[in-house]
Amino acid sequence: MSPTTLHYFSSFFLFFIILSHHSNADVGTSSRYSPPYLPSGCFGNEATQFPSSNLFAAAGDGIWDNGAACGRQYLVRCISAEEPMTCIPDQSIQIKIVDYAASAVSPPSTAGTTMVLSDKAFGSIANTSATLINIEFQQYIPNCSFFFFA
């Protein structure tokens with residue numbers, strides 16, 4: 001094999017390895033909030049804004065993006081908490097942003113978090129006695145198959 005061909009294949013292989021690492025997840029914190037959830041900072045009093053699964057959240061300042069976060073979906077999982085065994089292992093959920101944490105009708109269990117999950121969403125990934133968890137999250141784009149946690 002010539003040096004040029006070897007260089008070409010080496011470059012292609014390195015490029016393929018870089019592209020094959022699909023995890024673009026961020027880490028942050030999450031608290032929870034309870035009803036009432038209306039009116040919301042995204043869709044007002046529109047009850048149809050909530051997914052039937054009740055897996056939704058209010059965006060914290062870090063992801064609010066001047067309201068552009070409204071309607072975005074994220075894959076979220078609990079990665080740690082102050083209290084051991086708080087996270088439900090290997091459990092990820094898909095949530096929809098429906099509110100802004102700073103103006104939510106119900107106060108979060110802890111202020112200043114990345115996301116404030118609905119009671120149902122929080123309880124799906126962590127023990128509900130917790131008030132704050134560390135999360136891994138990434139935006140989910142429907143019909144896009146290359147998003148997953150590493």
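Guide: Ask away!

Visitor: Why does Cys 70 count as partly exposed?

Guide: The relative accessible area decides it: under 20% is buried, over 50% is exposed, and in between is partly exposed (1.4 Å probe, protein chains only). Cys 70 has 22%, so partly exposed is the label.

Visitor: And is Cys 42 buried or exposed?

Guide: Cys 42 comes out at 19%, so it counts as buried. By the way, this is a predicted model, where local features need pLDDT of at least 70 and side-chain atom pairs count only at pLDDT 80 or more, while totals for chains, interfaces and linings use all residues. Residues are numbered from 1 along each chain as its sequence is written, and side-chain values use heavy atoms, with hydrogens and water left out.

Visitor: How do you know that Cys 42 and Cys 70 form a disulfide?

Guide: The rule asks for a pair of cysteine sulfur atoms within 2.5 Å. In Cys 42 and Cys 70 the sulfur atoms are 2.1 Å apart, and the pair passes. About the S-S bond the angle is -80°, and this link is left-handed.

Visitor: What does the pair of Cys 42 and Cys 70 tie together?

Guide: Cys 42 is in the loop between β1 and β2 (56–59), and Cys 70 is in the loop between α2 (61–64) and β3 (73–80), so the link ties together parts 28 residues apart in sequence. Those names come from DSSP runs: helices are H or I with at least four residues, strands are E with at least two, and both are numbered from the N terminus.

Visitor: How many disulfides does a search of the whole structure find?

Guide: Two. Cys 78 has a relative accessible area of 7%, so it is buried. If you number the bonded cysteines in sequence order, the pairing reads 1-2, 3-4.

Visitor: What makes the six strands a barrel?

Guide: They close up in the order β1-β5-β2-β4-β3-β6, with mixed pairing. From one strand to the next, the twist averages 45°; axes here are lines fitted to C-alpha atoms (for helices, over the stretch in contact), and angles run from 0 to 180 degrees between N-to-C directions.

Visitor: How do you know that β1 and β6 pair?

Guide: Two strands pair if DSSP finds at least two bridges between them. Strands β1 (residues 26–33) and β6 (residues 133–140) have five bridges, in the antiparallel sense. In β6, Asn 134 is the bridge partner of Thr 29, and Ile 133 is that of Ser 30. β1 is also joined to β5 (residues 115–118), by four bridges, and these two run parallel.

Visitor: What about Ile 135, buried or exposed?

Guide: Ile 135, in strand β6, has 0% relative accessibility, so it counts as buried. Leaving aside residues up to four places away in sequence, Ile 135 touches several others, including Val 27, Thr 29, Cys 78 and Ile 125. Contact here means heavy atoms within 4.5 Å.

Visitor: What makes both faces of β2 covered?

Guide: On one side Phe 56 and Ala 58 are buried, and on the other Ala 57 and Ala 59 are buried. Ala 58 has Asp 99 as its bridge partner in β4 and Val 116 as its bridge partner in β5.

Visitor: Why is the pair of Tyr 37 and Phe 50 called tilted?

Guide: Rings of Phe, Tyr and Trp (its six-membered ring) pair if their centres lie within 6.5 Å; planes under 30 degrees apart are stacked, over 60 edge-to-face, and the rest tilted. That rule gives seven aromatic pairs. Tyr 37 and Phe 50 have centres 6.2 Å apart and planes at 55°, so the pair is tilted. Tyr 37 is buried at 15%, and Phe 50 is buried at 18%.

Visitor: And why is the pair of Trp 64 and Tyr 100 called stacked?

Guide: Their centres are 4.3 Å apart and their planes at 20°, so the pair is stacked. Trp 64 lies in helix α2 and Tyr 100 in strand β4, so the pair ties together parts 36 residues apart in sequence.

Visitor: How do you know that Arg 32 lies over the face of Phe 122?

Guide: A charge sits over a ring if NZ of Lys or CZ of Arg is within 6 Å of the ring centre and within 35 degrees of the ring normal. Arg 32 lies over the face of Phe 122 at 5.8 Å from the ring centre.
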